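Subject: Structure handover

Hello,

Here is the structure I promised you. Please open it and keep it beside this email as you read.

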Amino acid sequence: MNAPEIAIVGAGVAGLAAASFLARRGARVILLEALPRAGGRAFTDHPAALGGAPFDHGASWLHSAERNPLARLGRWRGEALIDTARARQRLVIIAGRPATEAELAARDAADAALEAALVARAGRPGADPSFAAALDDLPPNPWHANSEAIEATLIAAADPARLSLADWRANRLEGTNLLPPEGLGAYVLRLLAPPAGVLAAATAVSRIDWGGGGVTLETPRGTVAAKAAIVTVSTGVLAAGHITFTPALPVTTASAIAALPMGLLSKVALRAEGAERLDLPPGCFVERRLDARGEPFMAFNAWPRGRDHVVGFIGGGAAWALARAGVKAAEDFARAELARLFGTRAARAFAPGAVATTWGSDATFLGAYAYPLPGAAAARLALATPLAGGRLAFAGEACHPTLAGTVAGAVISGRAVARAAWHAVGCS
Ligand SMILES: Cc1cc2nc3c(=O)[nH]c(=O)nc-3n(C[C@H](O)[C@H](O)[C@H](O)COP(=O)(O)OP(=O)(O)OC[C@H]3O[C@@H](n4cnc5c(N)ncnc54)[C@H](O)[C@@H]3O)c2cc1C
């Protein structure tokens with residue numbers, strides 16, 4: 001290929017979306033990716049421990065399908081997509097028994113009241129408190145621990161005391177959730193496959209010089225010169241300094257990165273080996289009533305896509321603690337949580353071995369997705385503001401103000417920055 005006009009760092013969803021946008025317009029693009037594979041945090045695997053069934057280590061649902069470009073594109077291409085609302089069931093366990101209808105109604109009412117109160121609080125002018133601080137101000141309710149654990153700790157992957165309430169409000173997931181039957185990572189690679197010759201895999205960028213008229217990027221395979229660079233790595237990778245910038249990034253960008261730490265959501269999957277299915281229908285979500293706010297816990301999705309495994313989700317500080325303790329500790333935690341839910345039936349149901357995700361300890365990600373600290377909700381747009389007339393720009397899930405932490409946000413951000421870079425380098 002001739003010298004690229006635009007170098008994209010990272011072949012996750014944002015990088016792939018930017019590359020296909022630019023390549024379709026005839027721009028010369030190179031996609032520099034640290035790993036031997038593309039897809040980033042959208043990654044479908046077929047582990048032997050799950051009998052070869054598809055398992056998404058990262059993203060699995062197409063959230064907010066109504067405004068998700070990957071849902072639109074998939075439907076247009078005739079891709080099969082499972083609408084999870086139709087199949088959605090849930091089980092709430094209280095002290096080893098299923099919640100009654102009245103208890104479920106109380107949980108739903110508490111959830112709705114909490115959401116309305118927090119949305120109203122977030123809309124008030126003045127300081128942006130943390131999710132936890134805003135919850136402290138509400139009259140106590142025994143279900144608040146569950147609502148907080150699911151809304152902040154699992155969905156936002158953040159500790160509630162460190163999560164901006166304004167950002168939680170802006171990024172609440174609404175609308176339809178769709179599930180690609182063979183895995184979202186595989187789906188992303190089908191829909192956003194980079195054009196031939198564009199992807200340079202196993203090519204980590206260690207330094208970007210953006211001081212002259214163009215940019216140069218250092219990799220172990222040599223230096224790449226281009227007119228502009230789009231950087232899509234996680235804020236965890238940026239904050240760790242795995243890529244150095246010359247000249248140093250301006251204060252607004254550096255402060256935005258510091259204000260957008262990575263949260264952690266981890267998954268542990270276990271396969272059922274006999275006929276025991278714990279009376280759970282496929283796709284069912286299971287949670288237990290928590291005794292106190294902040295209690296470590298795992299929620300489960302049973303038999304996703306009709307497969308023989310359950311997937312446990314754990315987020316926030318408890319997930320970071322397990323990431324430090326290692327994969328076996330995560331498996332043990334999942335088995336202990338299943339035993340709390342289903343007693344000895346759980347021990348009989350699952351085969352030895354498990355699959356546990358490692359986003360927190362993996363140096364190419366250093367977390368699941370970014371969340372802003374209280375008062376820092378504007379950091380997402382600050383990070384997304386291109387530098388040097390578009391010669392250097394950042395994109396990815398962290399940069400989207402209302403679909404952050406999702407593949408939809410990453411696609412939209414990648415395309416928007418690609419459009420700006422395309423104009424900046426005069427390709428139009
Ligand atoms: C457990 C988990 C569950 C999730 N569930 C969902 C879900 O159900 N639905 C949803 O929409 N979203 C979900 N997400 C979030 C979603 O996966 C991300 O928002 C999205 O994939 C991020 O894409 P990105 O392109 O911004 O970043 P990334 O995917 O991180 O892409 C950045 C790329 O840069 C590469 N890279 C890193 N360092 C370098 C370097 N120095 N040089 C070159 N390349 C480098 C990385 O390898 C990576 O490929 C989940 C995430 C996790 C972790």
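First, the ground rules. The model is predicted, so local features need pLDDT of at least 70 and side-chain atom pairs count only at pLDDT 80 or more, while totals for chains, interfaces and linings use all residues. Residues are numbered from 1 along each chain as its sequence is written, and side-chain values use heavy atoms, with hydrogens and water left out.

**The sheet**

Seven strands form an open sheet with mixed pairing. Their order is E7-E6-E17-E18-E19-E16-E20. Strands here are DSSP runs of E with at least two residues, helices are runs of H or I with at least four, and both are numbered from the N terminus. Two strands pair if DSSP finds at least two bridges between them.

Which strands stand at the edges? They are E7 (97–98) and E20 (355–356). Each has a single partner strand, so one side of each lacks a neighbour in the sheet.

**Strand E6**

E6 covers residues 90–94 and pairs with E7 in the antiparallel sense, over two bridges. Ile-93 stands opposite Pro-98, and Ile-94 stands opposite Arg-97. The hairpin of E6 and E7 has two residues between the strands. There, Ala-95 takes a positive phi near 45°.

E6 also runs parallel to E17, joined by four bridges. Arg-90 has Phe-285 of E17 as its bridge partner.

Is E6 mostly buried or exposed? Four of its five residues are buried, so E6 is largely enclosed by the rest of the structure. Buried means under 20% relative accessible area, exposed means over 50%, and partly exposed is in between (1.4 Å probe, protein chains only).

**Helices on the sheet**

Helix H6 (residues 144–155) lies across E16 (265–271), E17 (285–288), E18 (299–302) and E19 (309–315). H6 runs at about 85° to E19. Helix H11 (residues 316–325) packs on the sheet too, touching E16 and E19. Its direction makes about 110° with that of E19. Axes are lines fitted to C-alpha atoms, for helices over the stretch in contact, and angles run from 0 to 180 degrees between N-to-C directions. Contact means heavy atoms within 4.5 Å.

**Thr-235 and the cysteines**

Thr-235 lies in helix H9 (residues 235–239). Thr-235 is buried, at 3% relative accessible area. Leaving out residues up to four places away in sequence, its contacts include Ile-257, Met-262 and Ala-398.

Cys-284 is buried at 3%, and Cys-399 at 6%. How many disulfides are there? The count is zero, with a disulfide taken as a pair of cysteine sulfur atoms within 2.5 Å.

Best wishes
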